Amino acid sequence: MNSQLLVLASTSIYRSELLKRLQLPFETAAPNVDETPLPDESAQATSVRLAQEKARAVAASYPDALIIGSDQVALLEGAQLGKPLTHDNAVRQLRAMRGKTTCFYTALTLLNSKTGQLQTEVAENYVTLRDLSDAEIEGYLRKEQPYNCAGSAKSEGLGIALMSKMTGDDPNALVGLPLILLTGMLRRENVRLF
C-alpha cells in the first residue's frame, strides 16, 4: 500500500468534507492560484489548467505526497460562469441560468510529487434550473449566500430547490470533488481504500 501523504490543494470546506468520506488521512494546503480564465480558453480547458496549477502550487512544500487539485467552471450558452463573489453578480448569474441547462466541468488532478506522475480527468454535470422568479432568486441568495460557488447555487444545500434536473458523471463533482474519478486515480497510485 502506498504510504505517501495525501494533500488536498484547496481551502474549500466542501472539498474537505467530501474527501473525508474516503476515510483516508489528509492535509489541506492553500494553492493561491489566480483563477482568471485565459483569453479564448474553453471552460473545460480552464478547469483542467487550474486543477493542475493548484496541485503543482503546493508540490514544493510536499515533495513526497499525492496532491489533489480540483477546479470547477460552469458554462452557460458559451459563456463561462465563475464564482460570483458578490450578491449582485449572483443575481445576474441565476437570472441568466433560470429555465436553462448549465454544464459544470469539474477537473481533478492527482499529482505524485515524488515521481512527477500527473493524472487529470474531467467530470461533466448538467444542471437545469427552474424558471425562477426574481423574488425566489433574491430569497435563495439571502438565505444561502453562495458567493464562492460557481453558478451561484449549492446543490448540497438549499440550492437543490432551484434545480429541476441534474445529470452527469458524479454528483460529488457538482459539490467540487469528483470522488468516483479520485478513487480510480488513487487505485492507480496503489492507495487501498479497504
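**Exercise 1. Placing Ala161**

In which loop does Ala161 lie? State also whether Ala161 is buried, exposed or partly exposed, and how far it is from Thr120.

Solution. The structure is a predicted model. Begin with the elements on either side: α4 covers 134-144 and β7 covers 163-168, and Ala161 sits in the loop between them. Next, take the relative accessible area, which is 44% for Ala161. Buried requires under 20% and exposed requires over 50%, so Ala161 at 44% is partly exposed. Last, compare separation in sequence with separation in space: Ala161 and Thr120 are 41 residues apart in sequence, and their C-alpha atoms are 32 Å apart.

**Exercise 2. Strand pairing around β6**

Work out how β6 pairs with β5 and with β7, and find the residues that stand opposite Thr128 in β5 and in β7.

Solution. Start with β5 (residues 101-112) and β6 (residues 118-129), which pair in the antiparallel sense over 11 bridges. The two strands form a hairpin, with five residues between them. Within that turn, Gly116 has a positive phi of about 85 degrees. Then turn to β7: β6 pairs with it in the antiparallel sense too, over five bridges. In β7, Lys165 stands opposite Thr128.

**Exercise 3. Gln93 and Ser152**

Determine whether Gln93 is buried or exposed, and identify the side chain with which its own side chain makes a polar contact.

Solution. Gln93 belongs to helix α3 (residues 87-97). Its relative accessibility is 10%, so Gln93 counts as buried. The side chain of Gln93 makes a polar contact with that of Ser152, at 2.5 Å. Leaving out residues up to four places away in sequence, Gln93 touches Leu81, Gly82, Lys83, Pro84, Gly151 and Ser152. At 0% relative accessibility, Ser152 is buried. Ser152 also has a positive phi of about 65 degrees, although it is not a glycine.

**Exercise 4. Gln23**

Solution. Gln23 is in the loop between α1 (13-20) and β2 (27-28). Gln23 is not a glycine, yet its phi is positive, at about 55 degrees. Its relative accessibility of 72% is above the 50% limit, so Gln23 counts as exposed.

**Exercise 5. Packing of α3 and α4**

Classify the arrangement of α3 and α4 and name the residues that make the contact.

Solution. The axes of α3 and α4 come within 10 Å and cross at roughly 135 degrees. That angle makes α3 oblique to α4. The crossing is right-handed. From α3, the contact is made by His87, Ala90, Val91, Leu94 and Arg95. From α4, Asp134, Ile137, Glu138, Tyr140, Leu141 and Arg142 take part.

Terms used: Residues numbered from 1 in each chain as written. Predicted model: local features only at pLDDT ≥ 70, side-chain atom pairs only at ≥ 80, totals over all residues. Heavy atoms only, no water. Helix = DSSP H or I, 4+ residues; strand = E, 2+ residues; numbered from the N terminus. Buried < 20%, exposed > 50% of the residue type's maximum accessible area, 1.4 Å probe, protein only. Polar contact = N/O pair within 3.5 Å; in protein donor to acceptor, adjacent residues only side chain to side chain. Contact = heavy atoms within 4.5 Å. Pairing = 2+ DSSP bridges. Axes fitted to C-alpha atoms, helices over the stretch in contact; angles between N-to-C directions. Parallel < 35°, antiparallel > 145°, perpendicular 65-115°, else oblique. Left-handed = near helix turned anticlockwise from the far one by under 90°.
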